[in-house]
Amino acid sequence: MSIVTRPTASPASDKPTQHPRHGTPHAHPSPSPTGVSQERQLRESGGVHWPTTLWLLLLHVGALAAPFFFSWSGLILTLVLHWVAGGIGVCLGYHRLLTHDSFRTYRPIKLFIAWVGGFAGEGTAIDWVANHRKHHAFSDKEGDPHSPHDGGFWSHAGWLAYSIHGKEGQEHAQHWAPDLANDRGLRMIGYLFLPTQFLVGAVLLAAGYSFGGWYLGLSWLAWGLFLRLTFVLHSTWFVNSASHMWGYRNYETTDDSRNNWWVALLTYGEGWHNNHHAYPRMAKHGHRWWELDVTFLTIHLMQRLGLAWDVVDYKNQREKRKND
Ligand SMILES: [Zn+2]
Ligand SMILES: [Zn+2]
């Protein structure tokens, strides 16, 4: 295929704003005495967001229990739910459908997938999309919420300890994802985020107990919930860290995005991140024949079944018209 050179483009508003945490008026990195961006300094000055931090720590501690409660069915559950939460919920739902509008589907399906996205433990669709659109608008520049320029660990997980919530979080969502923040259905699903984790945990514990007693119940809980959530979180986080540091580039984008095969395997195609930054709205992230993109295959299957349409494809010039 031909290698095209083009700058990155945001699918949503990328106009800088005067609000320092919603978008900075500076287009280029501003070196500071500490060597980190103003974005990181501003987030850190807001203080650690303890509910998010403790939530993430709790999941990791819970995952440590998994080896003590091993079962083959627990392992299979982990892999299946990793695909459901990470592949369908986050990659196909939060990312390609809700952030980039890469395809359309029926509203009940859209809302259902947004709910399934909550299974990944990465927050509500509205907050997730707002952060990701801001990442596209300022990729590896001043204003990027999670650039490796601020440190590998910061881009992987550290930035989440300083995530924005409350009134400021609502303003952030209104600025970056007004289409979702003003959607009553999606707001209602956002309220289900935390209860859903308890529901999934209770169902796993009860189902395991009914099939094989307490050991299997605790096995399904430890593997199907805690270890699986931790696995999904790190899989997604590798897109923000590894795919901006290690791998090859098909396109000369203005950021440091890379195509990383092992991240693509962990994230059902999202690791072809340089391709994605070059063509953010394109539904297909694997652009070379061997760049396996399970999420796009799923979208293609939905299209064949009549469940997806208006699939954005560079070949049909949609992406080009949108960005040129
Ligand atoms: Zn990126
Ligand atoms: Zn994206």
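Let's start where helix 3 meets helix 5: Tyr94, His95, Leu98 and Thr99 on the helix 3 side touch Ala125, Trp128, Val129, His132 and Arg133 on the helix 5 side. Keep in mind that this is a predicted model. What kinds of residues make up that contact? Five are nonpolar, three are polar and one is charged.

Now, how do we describe a pair like this? Two packed helices are described by the angle between their axes and the distance between the axes. Here, helix 3 covers residues 72-99 and helix 5 covers residues 125-137. Their axes come within 10 Å and cross at roughly 65°, and the crossing is right-handed.

Let's follow one residue from that contact, Ala125. Which residues does Ala125 touch, leaving out those up to four places away in sequence? They are Tyr94, Leu98, Ala114, Gly117, Leu180, Leu186, Ile189 and Gly190.

As background, in soluble globular proteins, nonpolar side chains tend to be buried together.

Finally, let's step back to the whole protein. There are 14 helices and two strands. Of the 324 residues, 48% count as buried. And if you take contacts between residues at least 6 apart in sequence, 69% join residues at least 24 apart. Thanks, everyone!

Terms used. Residues are numbered from 1 along each chain as its sequence is written. Chains are lettered from A and ligands numbered from 1 in the order in which they are written. This is a predicted model: local features need pLDDT of at least 70, side-chain atom pairs count only at pLDDT 80 or more; totals for chains, interfaces and linings use all residues. Two residues are in contact if their C-beta atoms, placed from the backbone, lie within 7 Å. Axes are lines fitted to C-alpha atoms, for helices over the stretch in contact, and angles run from 0 to 180 degrees between N-to-C directions. Helices (H or I, at least four residues) and strands (E, at least two) are DSSP runs, numbered from the N terminus. A crossing is left-handed if the near helix is turned anticlockwise from the far one by less than a right angle, and right-handed if clockwise. Ala, Val, Leu, Ile, Met, Phe, Trp, Tyr, Cys and Pro count as nonpolar, Asp, Glu, Lys and Arg as charged, and the others, Gly among them, as polar. A residue is buried if 20 or more other C-beta atoms lie within 10 Å of its own, exposed if 12 or fewer, and partly exposed in between; C-beta atoms are placed from the backbone.
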